[in-house]
Amino acid sequence: MKIDLTGNPFVDTGLAVIAARAHLEDVRDLTLDTIRTVHGDGIQLTSWNSSLKNFTMIFTSNSLLTNPAIKDKAKRAKSYRAVLGGLLSKIGIEELSKRCEACGTYRSVDFVTLCRTALAGIEIKDQPRFIGRDWFPLSGSLGSDAQALPAASRPVNLCAKCLFAIHYLPLGLILLDGRLAVFQSTSIEFWYELVRDIVIEVEVRITAGIYDTFGAKEGSKALVKRLLSLFRRLQAEQRSNLQPGTALQVWRFTNSGASPECAIEEIPNPALVFLQKAVQHGLDQEIETLIGNEGKKERTLFRCITERKDYFRLYPKGKWTGASPKLFALYQAHVCERSGRALTLAHTLAKERAKELRPKDLERLRREEAFKERSVRNQFQSLIAELSQKRKFSLNDYLVLFPLREDVPGIQVHGDGWRLVRYYLHHVDDSNIEITCSASSEGCSPKLVLLRFYSIRILQHYVQERGKERFQSEVLNRIRRGEIGALWLRRQFTSLAETYPGFSYGMWEQLCRNERGGLILHELLFQMRILWSGLLTQAHPSGITLQNCERSSGLPTAVETYLRELFARYTEQRGLKRFHRDVLVRLRRKEIGLGWFEHQIRNTGWKPSQLALFSADEWENFLRDENGRPLAEERLFQMHLLFANLYRGATVDHKEQEESS
Ligand SMILES: [Zn+2]
């Protein structure tokens, strides 16, 4: 009779242990006859299980084999062996028509009767025996579960195969961070090889009289080492093909004490591929050394590859110059999903910068904290800008290294790229950064679209009005000197809004505000600078259109309505051209400002039938935010921008009317 795997990782590990002990190449070749041959009279398993340290962790100390209430150890062993023998004889011929709750087969064993029959000849207390945690781990404890879940207050139903196989579990598991661990995988071949390795080693240890569990003192290191050694073996046997997408689930559990529990973690496919490739490239020894030095409190390699996060030990610290460039690149590519392009760019930046530095200054930049300093980051940003003017670095390059953050408002980037640059500052002359996988994705994020739209619009308009040379000297050179900021960008918005759509206050906020409402311009202007440097050398940069434009004015509705009415009346009485000349141009030249708006809003001159919109106090409130901070500059910007947008809207209508008439 063929014995199939069940899908229950505990039972399946037991079955794999039996298959491994029978030296089967494929766990799927397991038959009932094989199980009988491996088990024999059961004396060996009983003897091993009574000594293996993990046995009571799996089956509690209440197990018939270890129960201290039965004084005679030989009697315990005899009883345990008799029940196992009884279970083996029932596989496939269970009498209860109840579904097995581990594998789902439609038969369950009558455990009470089975035990009574098996234990008949042994002088042991005659009592009904049920399936509890002492026979099948985590099978529910009457003590605690029943109180919360009355429906669970009965023993589980299990088939003989599941109940029998699980007693081979002690030979096939390891300890991982203090919990017992069994494995499950999308690839049966890979999983079986992993269990086989464990079984073989346990057997060797038993022969040497060692009964404690693997990994007891090593935390998660044991598992990483185990996987490395498995990949080494598979490679030696020329079977190193990990099936595509193979991932490994680790079921960590405890069955002892009052709080049995189980947690499942996945070692994702890229992490396995990383370990496998490390073995292929002969980097496994280096990894073992790295994890060998892990301290108790730091994030372990296992944690990092499981969560696909960067691993701190790869990086230089003190006298340690970090992992080898080959291992570093492999890790970045597979675990952190960084493109080869990002690594090459980081290496280029490090090399270019190092070229110009005296050894002493280079040492300073290599420090662990160096990139926390704004001045250091500025050095590199200047370098990037220089390179972009020589067309050696593009905005796309920059964003490969410092991806735009889509999870927060405004133009903000992930700063992890600095870590890469710092790493390569220690490996300037290494050329071993080529990796084979993952091309950089130059997808166009919504934020990148925004950035391009505004950069190109501003550049085109400026060049049209004043030419390229003036853009270079008045914009690029001034940005370099840090002379361009919010004021300049606001002015671009208010003047471009007269002619082009998209320059609303809502869009300004999308570009320039962070999650706390603060103004963030450094990153935005830096990225515009790189883009402009590249665009300036092109004859006609192609513009893009903006799909969804946020039109909000940022003003209280009453104020907006009031200003709209004011605009309508003004242009009705004096015409659009005069509005442009008398209001917009003068606002731009700062000949009029907040005082003019105050006058309009607090006086009734143009609308005598109504009261003024604001009293003096209300006007003061209008110029402060909810926390009382001054808002005057922002309000002026909002009102100016609203007028500029109203003007553009009216000009378009005006043109359409002229064209249709
Ligand atoms: Zn079953």
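## The four-stranded sheet

In what order do the four strands of the open sheet lie, and with what pairing? In this predicted model, the strand order is β1-β2-β3-β4, and the pairing is antiparallel. The edge positions are taken by β1 (174-176) and β4 (261-267); each has a single partner strand, so one side of each is left without a neighbour in the sheet. From one strand to the next, the twist averages 40 degrees.

Strand β3, residues 248-254, is joined to β4 by seven bridges, and the two run antiparallel. Within this pairing, L248 has I267 of β4 as its bridge partner.

## Helices on the sheet

Helix α9, formed by residues 188-207, packs on the sheet and touches β1, β2 (179-185) and β3. The direction of α9 makes about 145 degrees with that of β2.

Helix α10, formed by residues 221-236, lies across β1, β2, β3 and β4. Relative to β1, helix α10 runs at about 130 degrees.

## The buried face of α16

Helix α16 spans residues 359-366, and L362, L365 and R366 are buried in it. Viewed down the axis of α16, these buried residues fall within an arc of 100 degrees, so they line one face of the helix.

Which helices are included in what covers the buried residues of α16? Among them are α15 (340-355), α17 (374-389) and α19 (417-425).

Terms used:
Residues numbered from 1 in each chain as written. Predicted model: local features only at pLDDT ≥ 70, side-chain atom pairs only at ≥ 80, totals over all residues. Heavy atoms only, no water. Buried < 20%, exposed > 50% of the residue type's maximum accessible area, 1.4 Å probe, protein only. Arc of directions from axis to C-beta. Contact = heavy atoms within 4.5 Å. Pairing = 2+ DSSP bridges. Axes fitted to C-alpha atoms, helices over the stretch in contact; angles between N-to-C directions.
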